[in-house]
Amino acid sequence: MEVYILKLFLILFPVISYAGQALVTGHRVPLFKSKSINSPIIQYVYKGDIIFIHDKEYGQSPLVPQYEKGENGVRASKRLESDPLVTHKKRFYETLHKMAGPAYVLGEHIKVIYKDDRENHDPLSKRGTDYTDYRLKEPLREGYPLTKEEDVRASLLVGIGNQRRNHYPYSSDMTSQKYYTRYTLNLVWLNTVNFDNYARYYYGWDFHFHNEKKLITLDDGRESVEDGGQFFFGPTLNYDGFRTSTTRLSFQATFGLTWTRILVTQKSPEGKDQNLYQAISLSPKSAISLQRMKFIGELDLIAKAEVQYEISHTLKPSSQNGDQTYWQEGNEDSIGVPSGARVTLYVGIQNSF
């Protein structure tokens, strides 16, 4: 037995004597039979292992004078001071597997130990992602390894938009009009549909409320404030047209009812009067939203653009007007809303569960 071990040592001694070393930097690194990632894997080595590298892979140390160019030790030192030292990593390096036969390892999985200035050009601190590390990052999410189904989405958004240019039909000419910015609060609740295996279609409910305020000055000295808002509620259908692990682009279509209430307050030097006008009407909406998933913990960030189309309708007074000097008579005592669109831009948050 001792003779066999001695013979094996004598065979391997020349190989080991003329070999360098390298530090394995990947978590689980394969040794290939040939210089190809498609070749059979002979063995695995692990992070922190020291493996042998064939001496031919090293090249000449930059500290060695280039005698063929008439360089001595002093000139070699000056050359290193003036010329930047560049180390080109090879794709494959020849090494030994556990049976002392040749094998090949990818250069990106090791740090060759040069024992000269070339060490500084391959620091471990600048290594990128280790794709051989299959370990899961902790802490693991709740419920792992079971898949977490996200069947419901709930979102809360705030937005701004334009106002429609309709108003009460005053008996006097208008000298000025001021339309304030319209602010909107939007709530959306969505559920997945049963027939969609890819979870792209969602259905649910859409609710919004927006305010309206207009300041109008009349030729006869009156000042009128139209202040109110609109409630909207209806079923909605959502489709995820594009999505990645972090981003989602969705399209939404809604058809619902609107309840509009406008309180008109007229003031003059003689006094003031007010009346409430309201109506219920049909209104479709369409929207496109860009979602940044898991932006704050489990919450998604949403930016949405929405177009609401109002079908022509008329707001009627809720009571009879007392002072006819401020108001029209009969059917003219109303606010007509022609068909038209409102555009609203939203930003908000969404939670999936």
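On a 1 Å grid over the protein atoms alone, a cavity is a set of points where a 1.4 Å probe fits but cannot get out, and its lining residues have an atom within 4 Å of a point. The structure holds 2 cavities of 30 Å³ or more, a volume being the space filled by probe spheres set on the points, which are joined across faces, edges and corners.

Before you start: this is a predicted model, where local features need pLDDT of at least 70, side-chain atom pairs count only at pLDDT 80 or more, and totals for chains, interfaces and linings use all residues. Residues are numbered from 1 along each chain as its sequence is written, and side-chain values use heavy atoms, leaving out hydrogens and water.

**First stop: the largest cavity.** Select R153, S155, L157, V188, L190, N238, Q252, S289, Q291, I302, K304 and Q350 to see the lining of the largest cavity, with a volume of about 100 Å³. Strand 8 (152–161) gives the largest share, 3 residues; strands here are DSSP runs of E, at least two residues, numbered from the N terminus.

**Next: R248.** Select R248 in strand 13 (residues 247–268). Is R248 buried or exposed? R248 is buried, because its relative accessible area is 6%, and buried means under 20% while exposed means over 50% (1.4 Å probe, protein chains only). Now show D300: its side chain makes a polar contact with that of R248 at 3.3 Å (N or O atoms within 3.5 Å, one able to donate a hydrogen and the other to accept it).

**Last stop: the second largest cavity.** About 60 Å³ of space lies here; its lining includes E212, K214 and R342.

Definitions and conventions
Helices (H or I, at least four residues) and strands (E, at least two) are DSSP runs, numbered from the N terminus. On a 1 Å grid over the protein atoms alone, a cavity is a set of points where a 1.4 Å probe fits but cannot get out, and a pocket is an open set with protein on both sides within 12 Å along at least five of seven lines; lining residues have an atom within 4 Å of a point.
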